[in-house]
Amino acid sequence: MEGVSNNSYIDSMKWKKDEGAKYADPDEQQKLQQEDFFKLLTEQLNMQDPSKPVENDQMIAQMTSFTMAEGITGLSERFDQFAEDMTSNQALQASTMVGRKVLVPTDQANLEEGAGVSGMIATPQTAQNVKINIKDSSGAVVKTLNLGDMPEGTKEFEWDGTTTTGEQAPAGNYTFSVNATVGGQTEELPLQMHARVQSVSTGGERGVVLNLKGLGGIRLSDVSEIS
């Protein structure tokens with residue numbers, strides 16, 4: 001801005017805008033609102049040098065800047081509200097998943113008493129001699145599933161919960177690994193496992209989180225399938 005600068009006038013707006021007004025946040029007293037900018041503009045016009053008045057394009061540019069600043073602030077507030085509404089909506093939808101099973105990218109599964117577990121394998125091309133090794137918490141192999149050959153794509157599998165000896169494995173967490181011959185070389189294939197949703201959490205950087213039985217939390221966006 002051209003013309004005489006009057007710091008005392010600016011200070012008066014910061015500290016004496018509404019005498020007796022109560023602010024929940026002391027810093028609010030030092031923030032300039034839109035009306036303060038227009039007061040500054042009026043003060044500039046009153047104190048400008050008559051021989052060098054502010055040109056119209058400068059006036060328009062300043063007023064446009066004030067309008068844009070207000071618009072950006074309003075847009076930011078509306079976006080924050082939109083994001084909050086979206087999170088609440090996601091949490092409401094996720095709450096309907098409690099008790100159901102979801103397919104998630106993990107090599108672990110929680111075996112419930114008297115039940116089995118299932119999952120899905122993926123291969124980018126035909127695989128031969130596909131085997132799934134199942135290990136308990138100590139790292140010991142309790143059973144190996146032989147699936148034979150598998151074409152390109154995905155394949156579901158299920159473990160009934162019995163060990164190599166035919167006994168029922170105790171409830172708890174088990175680790176799965178898939179090995180196969182792909183293109184003449186032995187490779188480990190990626191897999192996903194089904195897990196039961198126990199509860200839903202919201203808030204924090206991770207957004208909506210599904211708490212899986214025995215496996216902890218996973219983001220809602222990481223779920224591939226809902227059973």
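A residue counts as buried when its relative accessible area is under 20%, and by that cut-off 25% of the 227 residues of this protein are buried. The model described here is a predicted one, and its secondary structure consists of three helices and twelve strands.

**Overall picture**
- The protein exposes about 14,300 Å², and carbon and sulfur atoms supply 49% of that area.

- In soluble globular proteins, nonpolar side chains tend to be buried together.
- The largest nonpolar core of this model has 22 residues, of which Ile-121, Ile-132, Ile-134, Phe-157, Trp-159, Tyr-174 and Phe-176 touch the most other members.
- At least two residues of this core come from each of the strands S2 (108-111), S3, S4 (127-135), S5 (141-150), S6 (153-159), S7 (172-182) and S9 (191-201), and the largest share, five residues, is supplied by S7.
- Apart from this core lies another, made of nine residues, including Met-97, Val-104, Ile-218 and Val-223.
- Ile-121, when residues up to four places away in sequence are not counted, touches a set of residues that includes Val-130, Ile-132, Leu-147, Phe-157, Val-178 and Leu-191, and Met-150, Gly-153 and Leu-189 are also among the residues that Ile-121 touches.

**Thr-123 in strand S3**
- Thr-123 belongs to strand S3, which covers residues 117-123.
- Thr-123 has a relative accessible area of 5%, and it therefore counts as buried, since the cut-off is under 20%.
- A polar atom of the Thr-123 side chain lies 2.6 Å from the backbone oxygen of Gln-125.
- Once its neighbours within four places in sequence are left aside, Thr-123 is in contact with Met-150, Pro-151, Glu-152, Gly-153, Val-182 and Leu-189.

Terms used
Residues are numbered from 1 along each chain as its sequence is written. This is a predicted model: local features need pLDDT of at least 70, side-chain atom pairs count only at pLDDT 80 or more; totals for chains, interfaces and linings use all residues. Side-chain values use heavy atoms; hydrogens and water are left out. Helices (H or I, at least four residues) and strands (E, at least two) are DSSP runs, numbered from the N terminus. Buried means under 20% relative accessible area, exposed over 50%, partly exposed in between (1.4 Å probe, protein chains only). Accessible areas come from the Shrake-Rupley method with a 1.4 Å probe; for residues, only the protein chains shown count as cover. A polar contact is a pair of N or O atoms within 3.5 Å; within protein, one must be able to donate a hydrogen and the other to accept it, and residues adjacent in sequence count only if both atoms are side-chain atoms. Contact means heavy atoms within 4.5 Å. A nonpolar core is a set of buried Ala, Val, Leu, Ile, Met, Phe, Trp, Tyr and Cys residues joined through side-chain atoms within 4.5 Å.
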